[in-house]
Structure formats: C-alpha cells, structure tokens
Amino acid sequence: MKIERLFPVPIYTANLNREIYPEEYKFADEQLTHFHIRETKSLITDNNYVLKDESLSGINKFINFHLKKFSHEILKIHPKTLIQITQSWFSSMDKNTYVHIHNHANSFISGVFYFNAKRNIDSIDFYNPFKYEQISPNYTEYNQDNSMMWSLPVHTGKLIMFKSHLEHRVPIKK
C-alpha cells in the first residue's frame, strides 16, 4: 500500500537556538509603545518594517536564511526569483485576546517569529484549505489527513512560514 499526497500544504518551522538578546527585547518594547488596537483587542505596532532596524539584524538574517530555504528548497521557486520580506511588525496579546481567522491575500509567503511565547500555552491554528466535505463522518481520531483545523504549539524563538493563502488564527489567550 502507498499513500500519495496531492496538493499538500507545507508549514516550515525553524528555531533560533539562542536567547533573544536584551537589545532586541528593548527595541520590541519601544515599538509596542506606538500601536493600534485590533478589533480583537490585540495590539499591533504602527511600524510595519521592524526587521529593517539594526537592533534586529541577527533575527532578520535568521528569518531571511530560512525564507530562502523554504522558497527555493521546499517550494522550488526558481533561484533567480527575488523573494523578500515586504512588511514586519510586532503584535502583542494580553489575556482574553485573539487574532481572527485570516489569510494574507497580498503575499505569497507569510511567517511568524515568536519573540515571547510560552511553550505548552501559546499556539497558532491553521485551517484546511479544502474545507468542503459533502459528508463529514465521525473519526476515531483526528490527524493531518482528516482535520479541518490543526493547532501548532509555539515557543520563543520559533519561526513558522507558510503559503499566504492558508487561513490561520491565534486562539484566545488564556
């Protein structure tokens, strides 16, 4: 027996493998003093280009290294095709806030780098792009082949990249 996967949706993850430096945290804290509040009560910085700041140059290099790996080695985008980060910002969530289900229609690849996330508490949910099922049976267990939603745990220093059409959300922070 052999299972063929048609149209799989890759989720690329990598870990920074170092602590976030004090000057990086300081820059994030400064940026979070200039923000707007989303309808879900989470905060987003007014600065949409935070990775361009010199204080985040190490994190920027890490993200760009993995962006190239994901785009060229996994997605097999031609090496002469320029893939670049066009926007970057900080988002902050307090208890009882969330980020609604959305995708990024104006992009090809999206990513999230976790600056301050708690292992076994924080997560990101992804939604099956092939949502429609004519019949939805009862499953004995859910897995990546039969689920309509999949939750990935996150932690500080984790990078997640995915194709931008993929709907995702951040569940209510407990």
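Student: Which residues form one aromatic cluster?

Tutor: The model is a predicted one, in which local features need pLDDT of at least 70 and side-chain atom pairs count only at pLDDT 80 or more, while totals for chains, interfaces and linings use all residues. Residues are numbered from 1 along each chain as its sequence is written, and side-chain values use heavy atoms, with hydrogens and water left out. As a general idea, a pair of aromatic rings is described by the distance of the centres and the angle of the planes. Rings of Phe, Tyr and Trp (its six-membered ring) pair if their centres lie within 6.5 Å, and planes under 30 degrees apart count as stacked, over 60 as edge-to-face and the rest as tilted. In this structure, Tyr25, Phe27, Phe62, Phe90, Phe113 and Phe115 form one aromatic cluster.

Student: How many aromatic pairs does the structure hold?

Tutor: There are 8 aromatic pairs. In one of them, the ring centres of tyrosine 12 and phenylalanine 70 are 5.4 Å apart with the planes at 45°, so this pair is tilted. Because tyrosine 12 belongs to strand S1 and phenylalanine 70 to helix H2, the pair ties together parts that are 58 residues apart in sequence; helices (H or I, at least four residues) and strands (E, at least two) are DSSP runs, numbered from the N terminus. Tyrosine 12 is buried at a relative accessible area of 12%, and phenylalanine 70 is buried at 0%, where buried means under 20% relative accessible area, exposed over 50% and partly exposed in between (1.4 Å probe, protein chains only). For phenylalanine 62 and phenylalanine 113, the ring centres are 6.1 Å apart and the planes stand at 70°, so that pair is edge-to-face. This second pair links distant parts of the chain, with phenylalanine 62 in helix H2 and phenylalanine 113 in strand S6, 51 residues apart, and both residues are buried.

Student: Which residues of the largest nonpolar core touch the most other members?

Tutor: In soluble globular proteins, nonpolar side chains tend to be buried together. A nonpolar core is a set of buried Ala, Val, Leu, Ile, Met, Phe, Trp, Tyr and Cys residues joined through side-chain atoms within 4.5 Å. Here the largest has 21 residues, of which Leu56, Ile59, Ile63, Phe113, Phe115 and Met161 touch the most other members. Two or more residues come from each of strand S1 (11-15), helix H1 (22-31), helix H2 (57-74), strand S6 (109-113) and strand S9 (158-163), and H2 gives the most, with 5 residues. Apart from this core lies another, of 9 residues, including Ala117, Phe126, Leu152 and Val154.

Student: Which residues of H1 are buried, and which are exposed?

Tutor: Glu24, Phe27, Ala28 and Gln31 are the buried residues in H1. Seen down the axis of H1, these fall within an arc of 100° (taken from the directions from the helix axis to the C-beta atoms), so they line one face of the helix. Pro22, Lys26 and Asp29, on the other side of H1, are exposed. The buried residues of H1 pack against strand S3 (43-45) and H2, contact meaning heavy atoms within 4.5 Å.

Student: In what order do the 4 strands of the open sheet stand?

Tutor: Two strands pair if DSSP finds at least two bridges between them. The order in this open sheet is S5-S10-S7-S8, with antiparallel pairing. Strand S5 (99-102) and strand S8 (149-153) stand at the edges with a single partner strand each, so one side of each is left without a neighbour in the sheet. Within the sheet, strand S7 (residues 123-127) pairs with strand S10 (residues 168-170) over 2 bridges, and phenylalanine 126 stands opposite histidine 168. Elsewhere, S1 runs antiparallel to S9 and is joined to it by 5 bridges, with threonine 13 opposite isoleucine 160. The covered face of S1 holds Tyr12 and Ala14, whereas Ile11, Thr13 and Asn15 are on the uncovered one.

Student: Where is asparagine 17 found, and is it buried or exposed?

Tutor: Most residues other than glycine have a negative phi, and most peptide bonds are trans. Asparagine 17, although not a glycine, has a positive phi of about 60°; it is found in the loop between S1 and H1 and counts as exposed at 72% relative accessibility. Asparagine 96 also has a positive phi, near 70°, and lies in the loop between strand S4 (91-92) and S5, where it is exposed with a relative accessible area of 55%.
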